[in-house]
Amino acid sequence: MADFEERRSLLGDENEDRGPGRQLSAICDPSHVLHRVVVLIFMCFLGFGSYFCYDNPAALQTQVIQDMNLNTAEFMQLYAWYSWPNVVLCFLGGFLIDRVFGIRLGTIIFSLFVCVGQVIFAAGAWSNHFWLMEAGRFVFGIGGESLAVAQNTYAVNWFKGKELNLVFGLQLSMARLGSTVNMNIMGWVYSKVAVAVGSSGHTTLGISLMIAAGTCVFSLICALVLGFLDKRAERILHKEQGRTGEVIKLTDVKDFSLSLWLIFIICVFYYVAIFPFIGQGQVFFIEKFNFSPAQARAVNSIVYIISAPASPILGFIVDKTGRNIGWVFAAVIATLCAHMMLAFTFWNPWIAMSLLGVSYSLLACALWPMVAFVVPEHQLGTAYGFMQSIQNLGLAVIAIAVGVIVDIRGYLVLEVFFCACICIALMAVVGLYFVDYLKGEGLNQSAAERAKLQKETAEHAE
Amino acid sequence: MAPAGTGGIFVILVIFVFSSCESLFSGGDSYKRELTVKLYPNSTPSGGELLHVRAVGGNDTLHFLFCSQGAPTLLLVHTNSNSSTVEVNWPEFLARNTSGSLKVEPQSSILYSTAIVFSQLLEYNDENNTAEEKSNFFPAYELKDFIWTRMNLSDSTATLCGSPTRSGNGSLCLQLSVFGSEGRADLWPRLLHSANSSQLEVWLNGLPPRSNMSRFVLELQAVGGAYPLSTVNVHQFIDDEYTPSIFQMSQWVSSPNNGSDVLGFAQWKPVAYRTPHATLEDATPCRNSDPQQQSGNSTSASSALIKAFYSDPAAIGLNVSFGIAGEPYYNSTMFLSWTMLVGVGSPPVDSFSPMVIGILTAGLGIPILLLLGGGVYVLIAKKRESSGTGYEPIN
């Protein structure tokens, strides 16, 4: 899934917190920290279901391929169909939440899409219709990314201020937890269902996916509870509904600088070497390294497991040291090394996948804030929306290409393809370094220099 | 400026790399042989045929003999003269009473000989889907008792099919391909062959299984005079371009005194395919058992070619079993195909294709070039700046 959580600058109105009229118990008092912790718990589990179900195909790759009689190219369509609606929706998410639905109704609607999409996906497996599974992933995709926007908007609304980074970090960790749990549990769920049903087959697959849809129902319940709590807080504290505050103007695209386009290139070509790889990684580890299916799923999930604790730590380090381009360069080189290890050696893949997890977290912490450094604030919404949109476009197209490559030419050519994508990202990083150096835009400043510059600008403005 | 220049450099680099690699990799083993084919008997065959392919190199000859009398047998004889011939006493050959009815003249020029006999096709009932071939075996098909058709010759391939009974539906077919130069087959597993090797493809087509959960095992015997094929080595390699998802190669070699010199080999990838024009999903892994000593006399009795050529053969047997736990059974497609290479000398070694090398060189080289180029440009720009005085006088 796109790293929506990693990027954020605070755009929000100043809310005046007026106290409640009468005394409420601590846990029921919307301005009390205990109540906000309760809200935080529901907020974190809001995205759990969609992250859990996003990687269901990867966790059950051999079963999906065998039970539905697919080849790898058709299997990867399940990921492509998730990304297609988000090419357009990334621009509309903020608009839908701010102007059309409002945050509460919007969250519930998106959760509903996620739930219904997963149910259709499971029904497609049960009735042995692959086109229905693809349709289910499409509906699931409509809800999934927009739900992340809603989750962030809730967070900004309730936790604006010093706690916001912690909340974003927790939401991200919950998301990664959902992915990890999915990878390691779904295989076990499938085998238990197969024992209960009597044989494996598309019915067993359908039932397993329906069980996974239970997490989406759980998230839907969290959305309903959150809506209720938010409405209640609005009534008691007299504050406004949360807004994303994003303004999307597509005409702003012509104003994007060369640095920003290079950042887009890095984003697209880097992520297409991560998510589609994890999507079909299980069979790769089974075939090349002779792992058992359970081991293959475990090593596939290590990227997410590492990302959960590493992202806040690396984010802190990058914030303190600055020099974003240097960190992006390091992350891209590390990912290239990881893919080359997987391609050209038989070394234990745990090493390469751990390296991949660390570098993936590092890149996210260093790359997304750079957008805020090169784009004026009123264009930020458009810039992020565009970045997500082309990222999803890249993921959709490359997911299909990955499947075709594996079917025709095997895994070495696939890994070389991923290395080539990373090399393109590397070229863009090198280009970005020189463009930034020559234009003096200051993307690679250290944090101290940047703070000094901001102070001087502020003093100058007075 | 920079993107257009980069694009141009990229194209030139790719073309340069491809053209240099073509010569590098296609000229690996340019040893060539001339092939001549002869089929015995000249008249209507009564009990099976013998195919003789003579592959003449610069100063040596490789004789391939493929016989369908009794159990199908492939015999390779390597001689160090390019004028050696094979002499067959056909009536004695048919009688299968004496050895010496097939001779390679001159006898002193024989460097090495090896033979592969396809002796049995075993079938077992894999009830629990565990693919352990320990029990539940049905009566074995003895390939010496099969009814074999006439050999179908085309180009440098010979196809032979046989079925258990005269009116039986379904058959076991073998196809021998002899090569005059290095190359790679078109269909998976796309084994790389040299002029010193021949390819044998074995496939089961439509043979009715005796249970719904049958799996098959093929028994091979390697026969040789002094040094038959004795040990199986499994090599791992990283390149699965030509056989997607297979990263291993099994080699059954004959090396005297466990030395490093390999006299003869049989080579295969541990995969079988469940449809004639296979896709990735139709691949099923196969395993082999350890080679075991077997009775040379019974091998002689089952194969006319062994009886005719070897007086005192030593036989080592090996089982190749198709399918592992969890794979679909034979009756899902009623088709199984497996390919092996048999040859003399060292087995061919696979290498990367030029495309992979080209992409890697371009992918790694261009960022380095960009770094160097950009660094030089920045240095020059700085020098130009600092060479100016900075401030210009007003007057």
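A: What follows describes the contact between the domains, then the contact between the chains.

The model is predicted. Chain A is divided into domain 1, residues 26–246, and domain 2, residues 248–462. The C-alpha centres of domain 1 of chain A and domain 2 of chain A are 23 Å apart. To their contact, domain 1 of chain A brings 33 residues and domain 2 of chain A brings 39 residues.

The size of an interface is often given as the accessible area lost when the parts come together. Between domain 1 of chain A and domain 2 of chain A, about 3000 Å² is buried, and carbon and sulfur atoms give 64% of that area. On the side of domain 1 of chain A, the residues that lose the most area to domain 2 of chain A are Met76(A), Phe91(A) and Arg176(A); together they account for 22% of what that side buries.

Four helices of chain A each supply at least two residues of the side of domain 1 that touches domain 2: α3 (56–59), α4 (61–67), α5 (72–101) and α8 (164–197). The largest share of that side comes from α5(A), with 13 residues. By residue class, the side of domain 1 of chain A that touches domain 2 of chain A divides into 16 nonpolar, 13 polar and four charged residues.

The contact between the chains can be described in the same terms. Here 33 residues of chain B are in contact with 31 residues of chain A. The area buried between chain B and chain A is about 2700 Å², of which 74% is given by carbon and sulfur atoms. Residue pairs in polar contact between chain B and chain A number three, with both residues at pLDDT 80 or more.

On the side of chain B that touches chain A, helix α5 of chain B (residues 354–387) gives the most, with 15 residues. The residues of this side of chain B divide into 20 nonpolar, seven polar and six charged.

Technical notes. Residues numbered from 1 in each chain as written. Chains lettered and ligands numbered in written order. Predicted model: local features only at pLDDT ≥ 70, side-chain atom pairs only at ≥ 80, totals over all residues. Heavy atoms only, no water. Domains from an automatic or database assignment. Contact = heavy atoms within 4.5 Å. Buried area = accessible area lost by both parts, 1.4 Å probe. Nonpolar A, V, L, I, M, F, W, Y, C, P; charged D, E, K, R; others polar. Polar contact = N/O pair within 3.5 Å; in protein donor to acceptor, adjacent residues only side chain to side chain.
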